[in-house]
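Subject: Structure handover

Hello,

Here is the structure you were waiting for. My notes follow below it.

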Amino acid sequence: ADAAAENDMRPVIEAIEGIRTIRGESELSPATKLDVYVQSSSAHTREMLTRWRDYVVPLCRLAELHVSDVKPSKPAQAAAEIRGDMEIYVPLAGLVDLAEERERLKKEIEKAQKGISGMEGRLNNANFVARAPPEVGAKDRARVEELKARIVKLNENIMRIASPEVHIAPPANEGAVNLGEELKDALK
């Protein structure tokens with residue numbers, strides 16, 4: 001019965017962990033009340049988060065918890081975390097200096113890349129491979145994969161918080177404007 005109850009509460013636990021991860025990684029003060037958007041295709045996950053909303057909101061120090069089905073549009077300029085069958089978004093505009101946050105993320109990427117270079121250097125060194133216990137090499141290879149996945153996630157976060165820019169193309173030619181032709185790609 002305990003295992004079934006724990007499995008039933010898994011979405012709530014994963015949401016709390018995901019929100020705390022975003023708060024920590026984005027260096028958001030514990031005092032800052034967050035608006036959080038959770039999207040999930042699972043009716044069970046949405047139902048559990050809605051049922052336990054009054055527990056999650058104070059525990060994670062939220063202003064609001066929005067729960068919905070997966071939508072094609074994601075909150076703009078938001079930090080994101082994928083947990084289980086849910087996507088968790090915390091819009092950062094107004095909470096952090098987005099340019100500063102992008103720089104911080106770039107520095108984290110550089111640090112991870114240096115870590116990968118150092119470990120790959122050791123793993124490619126025949127003397128190290130011959131002398132090191134197999135578990136050390138396996139641990140380093142696992143850490144390299146972990147860092148590569150982290151870099152992908154950091155790059156996604158940089159793209160997600162990029163300033164939305166509107167690009168207006170100059171007219172292709174003089175004369176009549178054919179909106180159907182110009183917008184055909186957008187309308188597909």
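**Start of α2**

At the start of α2, a side-chain oxygen of Ser-42 comes within 3.3 Å of the backbone nitrogen of His-44. That is a polar contact (a pair of N or O atoms within 3.5 Å; within protein, one must be able to donate a hydrogen and the other to accept it, and residues adjacent in sequence count only if both atoms are side-chain atoms).

**Ground rules**

This is a predicted model: local features need pLDDT of at least 70, side-chain atom pairs count only at pLDDT 80 or more, and totals for chains, interfaces and linings use all residues. Residues are numbered from 1 along each chain as its sequence is written, and side-chain values use heavy atoms, with hydrogens and water left out.

**Overall**

The protein has 8 helices and 4 strands. These are DSSP runs numbered from the N terminus (helices H or I, at least four residues; strands E, at least two). From the N terminus, the order is α-β-α-α-β-β-β-α-α-α-α-α. Of the 188 residues, 32% count as buried. Buried means under 20% relative accessible area, exposed over 50%, and partly exposed in between (1.4 Å probe, protein chains only).

**More on α2**

Helix α2 covers residues 43–51, and its buried residues are Thr-45, Met-48 and Leu-49. They sit on the same side of α2, because they cover an arc of only 95° around the axis. The arc is taken from the directions from the helix axis to the C-beta atoms.

Glu-47 and Arg-51 form a salt bridge, with the closest N and O atoms 2.6 Å apart. The cut-off is a side-chain nitrogen of Lys or Arg within 4 Å of a carboxyl oxygen of Asp or Glu. Both residues lie in α2, 4 residues apart, about one turn of the helix. Glu-47 is partly exposed, at 37% relative accessible area.

**Strands**

β1 and β4 run antiparallel, joined by 4 bridges. Strands count as paired if DSSP finds at least two bridges between them. Tyr-37 has Tyr-89 in β4 as its bridge partner. β3 (residues 78–83) is also antiparallel to β4, with 6 bridges. Ala-78 stands opposite Pro-91 in β4. β3 and β4 form a hairpin with 2 residues between them. Gly-84 in the turn has a positive phi of about 55°. How much of β4 is buried? The count is 5 of its 6 residues (86–91), so β4 is largely enclosed by the rest of the structure.

**Salt bridges around Glu-25**

The whole structure has 16 salt bridges. Glu-25 pairs with Arg-150, closest N and O atoms 3.2 Å apart. Arg-150 lies in helix α6 (residues 134–160) and Glu-25 in helix α1, so the pair ties together parts 125 residues apart in sequence. Glu-25 also meets Lys-153 in a salt bridge (3.3 Å, N to O). That pair again links α1 to α6, 128 residues apart. Glu-25 is partly exposed at 24% relative accessibility. Lys-153 is partly exposed too, at 22%.

The backbone oxygen of Glu-25 lies 2.2 Å from a polar side-chain atom of Arg-104. Arg-104 is in helix α4 (residues 98–123). Arg-104 counts as buried, at 16% relative accessibility. The side chain of Arg-104 also makes a polar contact with that of Glu-101 (2.9 Å).

**Loop**

Ala-31 lies in the loop between α1 (2–25) and β1 (34–40). Ala-31 is exposed, at 53% relative accessible area. Ala-31 and Arg-61 are 30 residues apart in sequence and 7.3 Å apart in space, C-alpha to C-alpha.

Best wishes
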